Amino acid sequence: WPSHERVLRTYFDGQAWSCADSRSDALLKLRDSQSQIVYFYCHGGSKDGVPYLQVGSPEELVITRDSLRFAKIAWDDSKPLVFINGCKTAAVEPSQAIEFVSALIDSSASGVIGTEISLFEPLACEFAESFLHHFLRGDHVAEAIRRSRLILLAKLNPLGLVYTPYALATLHLEDEAAAPMSGER
């Protein structure tokens with residue numbers, strides 16, 4: 001995480017940035033901020049059919065749909081793009097009645113990007129760094145995803161395809177200089 005965070009901070013030079021190292025701090029920052037981008041560098045999964053995000057140490061409680069509702073997460077003003085960079089963070093299966101993506105949309109996120117399968121950290125870092133670089137330069141979500149996938153494909157790595165955007169293809173930042181970011185890990 002430290003080297004990945006350093007790279008990401010260069011993209012937001014001089015702009016607001018907050019980072020949470022625990023579940024409680026993440027929920028507090030999510031509730032109190034009106035960021036345009038929310039980035040989770042976390043673990044994801046499902047236990048007993050309930051999807052979750054693991055922020056902080058493995059001993060901490062996880063973030064679930066109910067956690068977001070109980071913490072009163074509502075981004076009515078900023079409507080951020082939420083990028084959940086972890087294993088199975090956007091996995092949706094026919095047998096699974098509950099998933100995490102719609103909980104973030106219910107909190108007024110403009111879109112969510114997540115993964116369908118497990119992945120390794122080097123891939124997670126490379127894809128996120130590429131996507132955020134292009135998105136913050138003004139590319140629409142679809143174009144930033146496409147460019148990031150092509151960069152990986154040029155290295156004979158098709159795993160950029162595991163990132164699924166649940167957002168309008170044309171979603172973009174209006175004013176790049178006014179794009180504060182929250183980072184949770």
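Predicted model: local features only at pLDDT ≥ 70, side-chain atom pairs only at ≥ 80, totals over all residues.
1. Start with helices H5 and H6. H5 spans residues 121-136 and H6 spans residues 141-154. Their axes come within 8 Å and cross at roughly 135°. The crossing of the two helices is right-handed.

2. Now the residues behind that crossing. H5 contributes Leu123, Glu126, Phe127, Ser130, Phe131, His134 and Phe135. From H6 come Val141, Ala144, Ile145, Arg147, Ser148, Arg149, Ile151 and Leu152. By class, the contact of H5 with H6 holds nine nonpolar, three polar and three charged residues.

3. H5 also packs against helix H1, residues 2-11. Here the axes come within 10 Å and cross at roughly 5°. Angles under 35 degrees count as roughly parallel, so H1 is roughly parallel to H5.

4. Which residues of H1 and H5 make this contact? On H1 they are His4, Val7, Leu8 and Tyr11. On H5 they are Cys125, Ala128, Glu129, Leu132, His133 and Leu136. The contact of H1 with H5 divides into seven nonpolar residues, two polar and one charged.

5. Cysteine 87 deserves a look. It sits in the loop between strand S5 (81-85) and helix H4 (101-106). Glycine 45 is 42 residues away in sequence, yet the C-alpha to C-alpha distance from cysteine 87 to glycine 45 is 6.7 Å.

6. What does cysteine 87 touch, leaving aside its neighbours within four places in sequence? Its contacts are Cys42, Gly44 and Gly45, along with Thr115, Ile117, Ser118 and Leu119.

7. Last, the largest pocket. It holds about 300 Å³ of space. There are 15 lining residues, and those closest to the pocket centre are Tyr41, Cys42, His43, Asn85 and Glu121. The lining comprises seven nonpolar, five polar and three charged residues.

Conventions. Residues numbered from 1 in each chain as written. Heavy atoms only, no water. 1 Å grid on protein atoms, 1.4 Å probe; cavity = no way out; pocket = protein on both sides within 12 Å on 5 of 7 lines; lining within 4 Å. Points joined across faces, edges and corners; volume = space filled by probe spheres on them. Nonpolar A, V, L, I, M, F, W, Y, C, P; charged D, E, K, R; others polar. Axes fitted to C-alpha atoms, helices over the stretch in contact; angles between N-to-C directions. Helix = DSSP H or I, 4+ residues; strand = E, 2+ residues; numbered from the N terminus. Left-handed = near helix turned anticlockwise from the far one by under 90°. Contact = heavy atoms within 4.5 Å. Parallel < 35°, antiparallel > 145°, perpendicular 65-115°, else oblique.
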